[in-house]
Amino acid sequence: MSTLPSVRVWESHLYVMRRIWKTDVLLNLLQPVLFILGMGLGVGSLVDRRVESASTLGDVPYLTFLGPGLMATTAMMIGAFEALWPLLGGFKWGGSFEAMAATELTPQQVVRGEVLWWTTRCGISVLGVAVVLLCIPETRSIGIVWAVPVATACGVAFAALTGSWTSTREFDNSFSNISRLVITPLFLFGGAFYPVSSLPDAIEPIAYVTPLWHAVELCRDLSLHRAGWGESLVHVSVLVGFIVVGWIMCQRNFAKRLHR
Amino acid sequence: MIVGENLVKRFGDFEAVRGIDIRIERGESFGFLGPNGAGKSSTMRMIGCVSPVSSGSLRIFGLDPASHGAEIRARIGVVPQLDNLDTELKLIDNLVVYGRYFDIPRKECLRRSEELLDFVQLADRRNDIVETLSGGMKRRLTIARSLINQPELLLLDEPTTGLDPQARHILWDRLYRLKQQGVTLVLTTHYMDEAEQLCDRLVVMDGGRIVAEGAPRQLIVDHSSREVLELRFPAGTNADFESALADIGDRREVLPDRVLIYGHDGDELLRLVHARDLHPESALVRRSTLEDVFLRLTGRSLVE
């Protein structure tokens, strides 16, 4: 019985993960939980006192507004970081991609395996956040369950886009700038903490071209049971579009690098 | 088994391999000998189907790497120049994971892995993390890993570079056994003793070209003398003795650290040197090696 090549690539990650998954999953959960508590309870108690705020947030408590978006931001971070150091390591320090390339696997199959792995990795973290959200009365909603695949797709989109860039790198010295200049600003301005309509008009459109905002919006709409078909379709299309673009670029760059 | 005609590998403007012809038969043990940058590794990567041929033709098992790369790679084993083991994993897991890339069922992977760990004498380290191994052990593990798909052809890029003499001898022994089992070995090296030990036939490469080809012994007979006399004079004075030695032996090479005199009988050469009242700090008579062949063909030492 034969196994799909991409699944065989994915398996190799499981071997590494098998050793470190417990601490890894817990640490990845820590950040969203801290934000739920710190922002949701702390900032939330201030926000919820103002009557106008409620209408801006869609007539829900701040914690309810915030929770679902954190699924998307968590996925973004996990996805992006998975495609920085670990990915360059596959070309350089450990050389696992080079090792795979010497076998019957093609670069395309290696990328497919990576996409599968990113999906798993982001999916597990998103599930963790979802479980936490389901435990809190303010954020508990069946829509959280539907938001899981949406947030996961957001993570995969970031992994694929980041990965396509990382696979052209020789050194990791610019990696921390990605986190400072791209990930952190998106985290703050991507609509997870407040509606982007609150931002100055000049900055607002930037949010619309990032996968994060679309994922945050859709996750929130789903959990608040207010997702319309039209808007949802746009959000999903954007996410899928970014994944496809990132994936294609990864395939091209992996092939160039592994079969040079 | 491998036929290459007028093979060229270009990276931008740089030509790493400049039109070489190779023909390697099944069961043969074939070597690429040359200094760093000679084009050995580029050639190996082309044969390993991870580097497209820039021009010329290459057939492995009669197949074209451009269209049948994956199919060819499924039948070869590769020991890259730098070990790319997963250092965070156990030895056994490294082998099983790699075997899975070839779609070998997990149970069978495990069976072969145990056997291979035994073969490379690492069975007692089975459950250790790779990071804890010595360089020689890692090399042996990489060789074990390259055999998991029971390859017909094994490509080894500088298999023993950086290893201590004992580790090298263990590796040579394992490779010799593989050869006896009928595995075709293709290796690169810049150690002449390694090439003499392991290769039935070899090519000497320099600057992307093949400068000589043949069996190790034959190359020595063709391009060098039977024996070599190595003389050391006080530092910096080797060149001064060149004219004084001018008519001794078949040929002379003046290197920065010693003077080499080539001839049939080294002791006789040394007697002639002494007869001229020349007194080197040290004198050594040895058999001619591939190093001498390389020196003769390129005017440079192999290991600089």
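Me: Which residues does A:A215 touch, not counting residues up to four places away in sequence?
Reply: This is a predicted model, in which local features need pLDDT of at least 70, side-chain atom pairs count only at pLDDT 80 or more, and totals for chains, interfaces and linings use all residues. Residues are numbered from 1 along each chain as its sequence is written, while chains are lettered from A and ligands numbered from 1 in the order in which they are written. Two residues are in contact if their C-beta atoms, placed from the backbone, lie within 7 Å. On that basis, A:A215 touches A:A72, A:V150, A:A151, A:A153, A:C154 and A:L239.

Me: How many residues does the largest nonpolar core have?
Reply: A nonpolar core is a set of buried Ala, Val, Leu, Ile, Met, Phe, Trp, Tyr and Cys residues joined through C-beta atoms within 7 Å, where buried means that 20 or more other C-beta atoms lie within 10 Å of the residue's own, placed from the backbone. In the largest such core, the residues with the most contacts inside it are A:A72, A:C154 and A:A215, and the core numbers 144 residues.

Me: How many residues of chain B are in contact with chain A?
Reply: On the chain A side, 22 residues take part. The side of chain B that touches chain A has 12 nonpolar, 4 polar and 6 charged residues, with Ala, Val, Leu, Ile, Met, Phe, Trp, Tyr, Cys and Pro counted as nonpolar, Asp, Glu, Lys and Arg as charged, and the others, Gly among them, as polar. The number for chain B is 22 residues.

Me: What distance separates the centres of domain 1 and domain 2 of chain B?
Reply: Chain B is divided into domain 1 (2-214) and domain 2 (225-287), with bounds that come from an automatic or database domain assignment. Taken over C-alpha atoms, their centres are separated by 39 Å.

Methods
Buried ≥ 20, exposed ≤ 12 C-beta atoms within 10 Å, placed from the backbone.
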